[in-house]
Amino acid sequence: MATTRSVDMLVVGAGFAGLYMVHRARGLGLDVQGVEAADGVGGTWWWNRYPGARCDVESLEYSYSFDDDLQQEWDWTERYATQPEILRYIEHVADRFDLRRSFRFGTRVLAATWSDDTARWTVETDAGATYEARFVVMATGCLSVPIDPGIPGLDTFAGPLLYTSRWPHEEPDLTGLRVGVVGTGSSAVQSIPLIAERCASLTVFQRTPTYAVPAHNRPLDPEEQATVKARYAELRAANRQMSIGAGSRVPRIDAAALEVDEATRRERYEAAWEWGGLPFLGAFNDLLLDPAANETAAEFVRAKIREQVPDPEVAERLTPRQVIGCKRLCVDTGYYATYARDDVRLVDVSATPIVSVTPTGVQLGGDDGEHVDLDVLVMATGFDAMTGALDRIVITGRDGVTLRDRWADGPKTYLGLAVHGFPNLFTVTGPGSPSVLTNMVVSIEHHVDWIADTVALLDERGAATIEAEAAAQDEWVSYVNAVADLTLFPTCGSWYLGANVPGKPRVFMPLPGFPLYAEQVADVVRDGHRGFTLA
Ligand code: FAD
Ligand code: N01
């Protein structure tokens, strides 16, 4: 039955962002309602259950910092926790702060419409329930909408068609089956080694080779965990001073790659390789700024790939040529080693493209037009990142203008938090903020705290609405573009640029550098919310 409920704040999403937002809103005494399409909490970690799924920011750092008791009482078992463990952690947080009762699960928000007359949003869902809300917070996730890979015939495949991003809750039995995986991004790099172990044969369809550095995952030493916990506040503060909001414990030198001699450079890369994971790109301070510096790191990793893959032809096919770090760096546990198996085959679909999927497999183009027979097809093909979830909700602001239209040429926000013409609507880790270039829990807590503090301030001042000003937004968008242009990020067709979605405008969406950004946001606040109109 259709119902309408009036609330102070409507939060869309029950991942790290939505849960913390509900917690903060409750603390302000607001009547807050959450809506989540999934049947439970966890967001990313509820949906992405593929074998091998785990975080690539160390768990001691990829976790909430807002409550000291919470961070003291939770014990991580591995350096990089698996998806089930991260989901257990998020469920623990939901229970501990009694957050589930504020959510309606299994419900998708379809539309949100602003009324100037009532200064409220009307939010419609697919369950018939409608909400009238003073504030709407889009905690809808940067990587929550899988792309449709657009391969002809995909829906005719007769066997199981699995998406890493929508992996079934009941683990599929791959024993004795011929499996194909499309894609070689992070989800593929994590899942391929485990899928290969479980099935009869595996064919990987690779369009662009990826760079992967070793994770060196291991059980967490209780002493290390205790040491971190004894000084957790210091670690969190130090991480907020890191460009990516993580990794302050990593030994580093602040030098440019080409400033040092070759032996020192090599030594430094070896040390970063031994440490493992994403900090590799911080081995020198100019790797994402100077193409020649970047090439030294890329060449180091290419050599490592050749060392790990015994067949030189396969190694060559696996060797990326683009700028390292331009697409998100992958973190490897057994990925390259998997290609030494006799039952694993790598098909380069940039040379012989996938023409179609048939009921029994994948039809390749090229001279021999081979048909690869498969029982199971896995799509590790990625997401309509950063704007995908917002784009799928019809968000109508002042004067009947939709966000979709407003963003037709690319997303435009002020600080990644608000959009001109859409009062009292906030985007957590929105485009134009560091978001996906950081440890996302750091960015999420930063945004949620800002939103909560801003709402409290409006009430203190007796203001009904807050809206980003057009000029401030334009200036911010130009600034974000200018920063991106100083880096090597725009040099390849990444999802950061929207290049993986046909027809999506090519705009570099995140803003590199958390500490400066946080300082800029604080400065806006100190300046009386410069660039916002409070009415
Ligand atoms: P999400 O967790 O994506 O949650 C958003 C929720 O909103 C989803 O549950 C979705 O169902 C819901 N939603 C969206 N639209 C609607 C709608 N219209 N109606 C109702 N509900 C809606 N980041 C890191 O920093 N470190 C990592 O190690 C890391 N690992 C990752 C591994 C994987 C496999 C993936 C896919 C991403 C990873 N990320 C990582 C990024 C990750 O998305 C974030 O770290 C974080 O989990 C995002 O939390 P969130 O709450 O902002 O969004
Ligand atoms: O997606 P991706 P993902 N035919 O977009 C290929 C986070 N994450 O899910 O590069 C053939 O990176 C595509 O090829 P190409 C992390 O932020 C983190 O793996 O476009 N191939 C690419 O190889 C990550 O960056 C972890 O040429 C097609 C792959 O599919 C983000 O989520 C784990 C194709 C997609 O790679 C997304 O990662 C998982 C087609 N039609 C995710 N369409 C951690 O490790 C696409 N591809 C923490």
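Author: We begin with a definition: helices (H or I, at least four residues) and strands (E, at least two) are DSSP runs, numbered from the N terminus. This is a predicted model, in which local features need pLDDT of at least 70 and side-chain atom pairs count only at pLDDT 80 or more, while totals for chains, interfaces and linings use all residues. Residues are numbered from 1 along each chain as its sequence is written, chains are lettered from A and ligands numbered from 1 in the order in which they are written, and side-chain values use heavy atoms, with hydrogens and water left out.

Reader: Which helix gives the most to the shell around ligand 2?

Author: A residue is near a molecule if one of its heavy atoms lies within 4 Å of it. Helix 5 (residues 186–198) gives the most to the shell around ligand 2, namely three residues. There are 23 residues around ligand 2, and those that come nearest are Thr184, Ser187, Arg207, Thr208 and Lys327.

Reader: Which atoms of Thr184, Ala380 and Trp495 lie at an oxygen atom of ligand 2?

Author: A polar contact is a pair of N or O atoms within 3.5 Å; within protein, one must be able to donate a hydrogen and the other to accept it, and residues adjacent in sequence count only if both atoms are side-chain atoms. In Thr184 a backbone N or O atom lies 2.9 Å from an oxygen atom of ligand 2, and in Ala380 a backbone N or O atom lies 3.3 Å from an oxygen atom of the ligand. For Trp495 an N or O atom in the side chain is 3.0 Å from an oxygen atom of ligand 2.

Reader: How many disulfides does the count give?

Author: A disulfide is a covalent bond between the sulfur atoms of two cysteines. The rule asks for a pair of cysteine sulfur atoms within 2.5 Å, and the count comes to one disulfide. Cys326 and Cys492 form a disulfide, with their sulfur atoms 2.1 Å apart. The torsion about their S-S bond is about -110°, so the disulfide is left-handed.

Reader: Are Cys326 and Cys492 buried or exposed?

Author: Buried means under 20% relative accessible area, exposed over 50%, and partly exposed in between (1.4 Å probe, protein chains only). Both Cys326 and Cys492 are buried. Cys142 is in no disulfide, and the nearest cysteine sulfur, that of Cys55, is 17 Å away. Cys142 counts as buried at 5% relative accessibility.
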